[in-house]
Amino acid sequence: MRRNIEKKQTYTESLTGVFGVFGASDNVINYMQLNLPVTDVDKLGLVSEIPGSERWPIRQLFQRDIDKERVKNEIIPYFLNDSMAKFFNPLTIAVLPISKNGALDKELSEKDVEPDEDFSHAYEIHNYYKLSYDNTYFDSKIRWNPDNVRLVAIDGQHRLHALKRLFALHKQNPSSEDLRAVDFANWRIPIVLVTIGHAAEGATTDGILEKTRNIFVTINKQAKQPTRSRTILLNDYSVTAVCTQEVLDKCRQENVPLALFNWRDHKDEEFPEFTTHLLAVDELEDLLINFFIGEDDETDKTFGLSEQQKNSLFWDDQAPLPDESSVASLRDSVRNRFSETILPAFYYILRELQPYSGYVNTLNDIENNLSTDSEIHAWSRVVYGSDYSDDLIEREVSQSKRELLERCNSKKTELGDIFSKAVGLRSIFSGFQNFIEVVWADEEIIPWTEGAKAFVSSFNHLYGAGVIESPAFKKNLVKDSNDTIINYKVGQVSGAFGAVIAYSCLLFRNKGEQADIIAPLRDRVSRALVRAYKKDFRPQVKEEFAGRPIEEINDEIGNLASSAARAQLRDIDSLIENVVSRQPS
C-alpha cells in the first residue's frame with residue numbers, strides 16, 4: 001500500500017547523509033550532513049536564481065546579492081591554485097518549498113509519516129519532500145520534488161556561485177587543464193542541509209522563510225559583525241528596525257522606487273561614481289527615530305513599545321488588539337499600525353515634496369519603461385545586485401547600466417548640493433516634525449497624513465518661489481561663509497535648516513501672522529544664526545580689539561552676531577510675506 005502511494009509522488013531527486021537535530025518545540029531545526037559530489041552542485045541554488053525573489057519582502061531577501069568581483073578575483077583563483085590546499089566550512093543549504101516559478105505555496109508544514117525502508121522515522125511535506133532517518137545510527141535520506149522545492153544556500157553562497165561557474169566550465173570543457181590540475185571533477189563538497197517545516201510559525205511558507213532568515217542571521221552574527229544597515233533589516237526585536245523594514249517593504253506599492261534607498265548597504269564597484277539612492281538603511285532608521293516614532297524601550301529585552309512610540313502611533317486609539325503576550329502578534333500589530341498612521345505621511349513627503357518629487361518620478365519612469373533585455377537586467381543589478389543575464393550579453397548589460405545610472409545621476413544633480421545630501425532629507429523631516437507638533441499643540445490632533453499634506457503644500461509654494469534656497473534661508477543655517485555644509489547631523493538640523501523650514505511653512509500657512517506658537521522656532525533659528533555669526537566675526541574683532549580685555553572682545557562679537565542674525569531673520573520674514581501677498585485671498 002505504501003509503495004502505491006509513493007508511486008504517485010514525484011520525488012525524483014535524493015541525497016543521503018547523517019541526521020541531526022537542534023532545538024526543541026517550535027524552534028526545532030532538523031539537518032543532514034553530507035558530502036556532495038561537485039558534479040551534483042547544480043542541485044543547489046542561490047536566492048538570486050529564484051524567479052520573482054526580487055518581489056519578496058525586503059526582510060526576506062537574505063543574502064540575495066552576489067559580489068561577483070569577489071567570486072571572480074578571490075574565490076575562483078583560490079580554487080584553481082594547485083599549490084594551495086583546498087578546504088572550507090560546510091555550505092548551509094535550506095530545503096525551501098518554493099516552485100520553479102518562485103511561488104511561495106501557503107499552509108505547508110512537515111508531518112510525521114511512515115519512513116522509507118531501512119529507516120525508523122520520517123517527516124514529510126506531501127509532494128514536496130520527505131526525509132527518512134534512523135534514530136539509532138542517524139543514517140538519513142531526503143527525497144524531493146524539484147518542481148516544488150529549491151535547495152537554497154543561506155550561508156556560503158559566494159563559494160557555491162564559484163563552484164557552479166567552475167562546473168559550468170567543466171561541462172563545457174572536460175579536459176580543461178586548470179580544472180584537471182586541481183582534480184575538480186572529484187571534489188566532494190561539505191554540506192549541511194536544513195529543513196525548517198517543524199519550526200514554521202503559522203505553518204506557512206512565509207514562516208519557513210522567516211526561520212530560514214533567522215538561521216542566516218545567527219550564522220552571520222557568529223562569523224562576523226553585520227553592518228548596522230544589515231542588522232536593521234534582519235532584526236525583528238526592535239520597533240524602529242521593524243518600522244524601517246516596513247518603509248522598504250511597502251515603498252514599491254506606494255510608487256516610491258526601491259532605488260531611492262541603499263537597502264543592500266552596497267557600493268557599486270563597476271561604476272562607483274554613480275548612485276541612485278538618497279538614503280542608507282541606517283540613515284532611514286535615524287529619521288524614523290528622531291522625527292517620527294522615537295527610541296525603543298531599552299528596558300524591554302524582547303519586543304516592546306516605548307511611551308513615545310505608543311503616542312506617535314496613536315496606539316491606544318486602535319481597536320482592541322489580539323494577544324500582545326505573543327511577540328509575533330505584537331510585531332504584526334506594530335507593522336500594521338505604523339503602516340496605517342506614519343507610513344503614508346512618510347511616502348507622501350517623498351513622493352510629492354519638491355525637489356524630491358521630480359527625482360522620484362524619474363526613477364519610476366525608468367523602472368516602468370525598461371524596453372530592452374539589457375536594460376531590464378541592468379536595472380535589476382542596480383536595484384537588487386543581481387540578474388539572470390547570459391554572459392553573451394554582458395557588454396550590453398554593462399553599457400545599459402551605465403546609461404541608466406548616468407540618467408539618474410543627472411537628475412539627482414538637479415536636487416542641488418543640499419537636497420542631494422543627507423542634510424536635505426534630515427532637514428525636511430525635521431521641519432515636518434516641528435510643523436505637525438505646532439499644529440497639534442495649537443489646533444487639533446490631525447492624522448500624520450493630513451499634516452504631511454499641509455506641510456508639503458506650504459513647502460512647495462515657498463520652494464517654487466525660490467525662498468527655500470535663497471541665501472537668507474541657507475546662510476549660516478546649512479552653509480557657512482565658505483559655502484561649506486554645516487549643521488548636517490541628525491541632532492543639529494532641528495535647530496538650524498530644519499527649524500527655518502518648519503518656521504517658514506507655519507508662517508506661510510498662517511498667512512504671515514506671527515503667532516506666539518511659532519515664536520520658539522524663530523528663537524531657535526536666531527540662536528543658530530548667532531552661533532554661526534560669532535565664528536564669522538571672531539577673527540575680525542580679535543584683530544581690531546587686540547590687547548583689550550576678553551570680556552570686551554566677547555561682548556563686541558556677541559553684539560555684531562546678534563545684529564546680523566536679526567537682519568537675516570527680517571529678510572526671511574520679508575521673503576515669506578512677499579510669497580503670502582501673491583496668494584489669492
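This is a predicted model: local features need pLDDT of at least 70, side-chain atom pairs count only at pLDDT 80 or more; totals for chains, interfaces and linings use all residues.

Student: Over how many bridges does β1 pair with β8, and over how many with β2?

Tutor: Helices (H or I, at least four residues) and strands (E, at least two) are DSSP runs, numbered from the N terminus, and two strands pair if DSSP finds at least two bridges between them. Strand β1 covers residues 13–22 and strand β8 residues 139–144, and their pairing is antiparallel. Ser14 has Arg143 as its bridge partner in β8, while Phe22 stands opposite Ile29 in β2. The count is 6 bridges for β1 with β8, and for the antiparallel pairing of β1 with β2 (residues 29–37) it is 5 bridges.

Student: Is Thr240 buried or exposed?

Tutor: Thr240 belongs to helix α7, residues 239–250. Leaving aside residues up to four places away in sequence, Thr240 touches Glu285, Ile289, Ile293, Gly294, Asp296 and Gln309, where contact means heavy atoms within 4.5 Å. Buried means under 20% relative accessible area, exposed over 50%, and partly exposed in between, with a 1.4 Å probe and protein chains only. Because its relative accessibility is 3%, Thr240 counts as buried.

Student: Which side chains make polar contacts with the side chain of Ser339?

Tutor: Ser339 is part of helix α10, residues 327–340, and it touches Glu246, Lys250 and Pro344 when residues up to four places away in sequence are not counted. A polar contact is a pair of N or O atoms within 3.5 Å; within protein, one must be able to donate a hydrogen and the other to accept it, and residues adjacent in sequence count only if both atoms are side-chain atoms. By this rule the partners of the Ser339 side chain include those of Glu246, at 3.1 Å, and Lys250, at 3.0 Å.

Student: Where does the cis peptide bond beside Pro355 lie?

Tutor: Pro355 is in the loop between α11 (343–352) and α12 (356–368). Omega is about 0° at the cis bond, which joins Gln354 and Pro355.

Student: Asn476 and Asp483 have positive phi values; which of these residues is buried and which is exposed?

Tutor: Phi is near 60° in Asn476 and near 65° in Asp483, each being a residue other than glycine. Asn476 lies in the loop between α18 (471–474) and α19 (490–493), and Asp483 is also found between α18 and α19. With a relative accessible area of 1%, the buried residue is Asn476. At 51% relative accessibility, the exposed residue is Asp483.

Student: Which element gives the most residues to the lining of the largest pocket?

Tutor: On a 1 Å grid over the protein atoms alone, a cavity is a set of points where a 1.4 Å probe fits but cannot get out, and a pocket is an open set with protein on both sides within 12 Å along at least five of seven lines; lining residues have an atom within 4 Å of a point. The largest pocket has a volume of about 1,400 Å³, and of its 41 lining residues, Ile66, Lys68, Arg381, Gly385 and Asp387 are the closest to its centre. Elements that each supply at least two lining residues include α2 (68–80) and α13 (373–384). The most, 4 residues, come from α3.

Student: Which element gives the largest share of the lining of the second largest cavity?

Tutor: The elements giving two or more residues to its lining are α16 and α20 (497–509). Among the lining residues are Val438, Val439 and Asp442. The largest share, 3 residues, comes from α16.

How values were computed. Residues are numbered from 1 along each chain as its sequence is written. Side-chain values use heavy atoms; hydrogens and water are left out. Grid points are joined across faces, edges and corners, and a volume is the space filled by probe spheres set on the points.
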